[in-house]
Each structure stands twice: as structure tokens, then as C-alpha cells.
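This report concerns a single protein chain. Please consult the sequence and the three-dimensional structure shown here.

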Amino acid sequence: MNVRGQHYRTIWAKPGDERVVQLIDQRFLPHQFVVEEVRTVAEMAAAIREMHVRGAGLIGAAAGFGMYLATFEPDLMAAAEQLKATRPTAVNLGWAIERQLKSIAGAKSAEERQRVAFQTAREIADEDAEYCRRIGEHGVELIRSLSEKRGGAPVNILTHCNAGWLAFVDYGSATSPIYAAHDAGIAVHVWVDETRPRSQGSKLTAWELGEHGVPHTVIADNAGGHLMQRGRVDAVMVGTDRTTYTGDVANKIGTYLKALAAKDNSVPFYVALPSSSFDWSIRDGVHEIPIEERGSEEVNYADGLHEGQQVEVRVTPENSPAANFGFDVTPRQLVTGLITERGICQANEESILGLFPEHRGR
């Protein structure tokens, strides 16, 4: 997507020095645009764990490039375990690592291992971007239909967290249909949940929508239900870090509450995801998907721009403990449909496997 008129992906090999991986360091957005250079597995693991990069697709691409960097280090399997330990919920992480291990298993020399790993990392990134582009192609038809029902009036879409191009390599998942609609001249407006405690909505989604010129409004997390009751939301579109092959969806904490409000107000609730975000081994998302618990400091503190400086302030009492659950699971019965690179399906086993028959019987 574009940043000040220049096209960027979220991660890439440095031109002229392929031993260096460059990525957009999202900790500084929306106030500063910073490109970080990563040279080691430890640095890539820190970038994933400390959320320099975030979002299912981008975590997978970062892991792919991390495994490429691992081919220059003495212990490949230790590097793989180091990367796997960074974020437990995003299924793309382990998927990318295992894909790399399979790709380089037959390499007969260090040079061949490095070459194959580099090619595989680029393929993972390219596929992620292409799959997200296709998600836009399929999802835009939903928005077009809503626009026709509204007689061309702006379609109001509510989203939660960041499932934009910053969460992937390009285009995004939940935002890809929005960008496609905007570019096709369909009037669209996005309600952007701030998404505490890391504020990925107000910091990242709002920033990238603004860069692309998409009309949007940032709202407090708890305003979504009110807007749905007042008929001011035509659809909810979110992403996912892991979705079971039976249709249960793990996404940023607070998504479940949006799904409940959408169900109560007959607002369609869509989840957009590339197939790399499916977990083909888990049936019961509520009880089987691992939920990341992050440090309490993310709840206790908030950061932002003050007089030109990035500052952090405490927002809770000094002695109050805090719990920080990173994700929740939305059960399949609350999901209207899943938007994938192969098309739109219902959130149930039969419909999902109808789109992805190669996973039957696994």
C-alpha cells in the first residue's frame, strides 16, 4: 500500500544486501514512520515478541524471513524453537517455520540451504500479499451489495484491532475489501475501534486508512454496540490470528463482544483470512486455541505523542494488579461468513472444507 505516495510492503529483503531484512517498526506509528533492519534470529524473535511487527500474516512472513536468517547461524533447530516461542496464538508463525524446515530439508550445502530459505521466505510473503488481494476481490462484492441496498449511501463498516496491510505483507484481510470498494468508487466509511490496550485500531488502522484516503472515525472500544443499536453499522469485518476448520475464530480481545452485539442487532459479522490462518488440527476453538497472556504493563500504561515527544503514562493505581489477555474466541454460530482467497464460505466444517477439500481427513 502507499505511504505518502510511495508503495511499501511491511517486510522485505534490503536491496543490495539480502543478509538484512527490513520491516516497518509499528511501535512508532502513527507519529513516526521507522524502518528497522534485522540481521539475526534473535533480533527477528524480539521484533515478533515485542510487536515491532504484528498481525497473523506478517508474523508468518517475519518467521519465514527469520528462518532464512537462521541458515546463517550454527543451530537451525534452536533458531526455529526461538521463533516459535515468541507468540502462541497466531497459527501463521508455526506454519511458516514448518514450511521453511520442509523446504530446506533436502539442501546439500550451507549455500543451497540459504538460497532455498531465501526463496521460500519470499514465496511466503508474496503469497500472503496475493491471498489478501483476492480476499479484497471476493469481499468487495459484499460491500457492493450493501451499497446497492443503501441506494449508494456510504456503507458503514466496523472493524476491531488491525487487520490491515500493516498486519500482513500488503492489502490486509479485513481492510482489503474496504480498499477495493474505495478504489472502485463505492462510498464506504469505517468505524475504527481503538482496541485497547495496545490501541492497534486508533494507531494503525486509522493511520493506514488515512494514508489511503478512506473515510473513517475512531471510536472507543465499547461504542460499537451503541452504534449497532442505532442502525449505524451495516457490517462488521475483522481478521483472525487462528480459525479452526470448524469455524471458531480467535482474534484480538474484544472481538467476541462485537460479535454478540452484531448478532443481537442482526448486523452481519464477517471474518477475513488467508488460508494460512486456518488451524486444520483444532475442532473446539473456545477450549483448544491457546490464548496469549501478555505483560500487565500494557494495561497499566498508555503511550502517545505529547509536545512532539513519544511519552508513556500510567493510567491505573500504583498498587492495582492487571490482567492482559491478548485474544478471545468467537464461536462459529456468531460468524456470518469467512472471506478467504478462494471465496466466501460459512463458518462450519462442511463449508470450509468445501473450499479447501485438500484438508479433508487430516
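The model is predicted: local features require pLDDT of at least 70 and side-chain atom pairs count only at pLDDT 80 or more, whereas totals for chains, interfaces and linings use all residues. Residues are numbered from 1 along each chain as its sequence is written, and side-chain values use heavy atoms, with hydrogens and water left out.

The chain contains 12 helices and 18 strands, defined as DSSP runs numbered from the N terminus (helices H or I, at least four residues; strands E, at least two). Its overall dimensions are tabulated below.

| Quantity | Value |
|---|---|
| Radius of gyration of the chain | 20 Å |
| Box filled by the C-alpha atoms, along the principal axes | roughly 65 × 55 × 45 Å |

The radius of gyration, taken over C-alpha atoms, agrees with a compact globule, because 362 residues would give a value near 21 Å by the rule of 2.2 Å times the number of residues to the power 0.38.

Of the 362 residues, 55% are buried, that is, under 20% relative accessible area with a 1.4 Å probe, protein chains only. Among contacts (heavy atoms within 4.5 Å) between residues at least 6 apart in sequence, 73% join residues at least 24 apart.

E318 lies in the loop between β15 (309–314) and β16 (327–330). Because its relative accessibility is 61%, E318 counts as exposed, the cut-off being over 50%.
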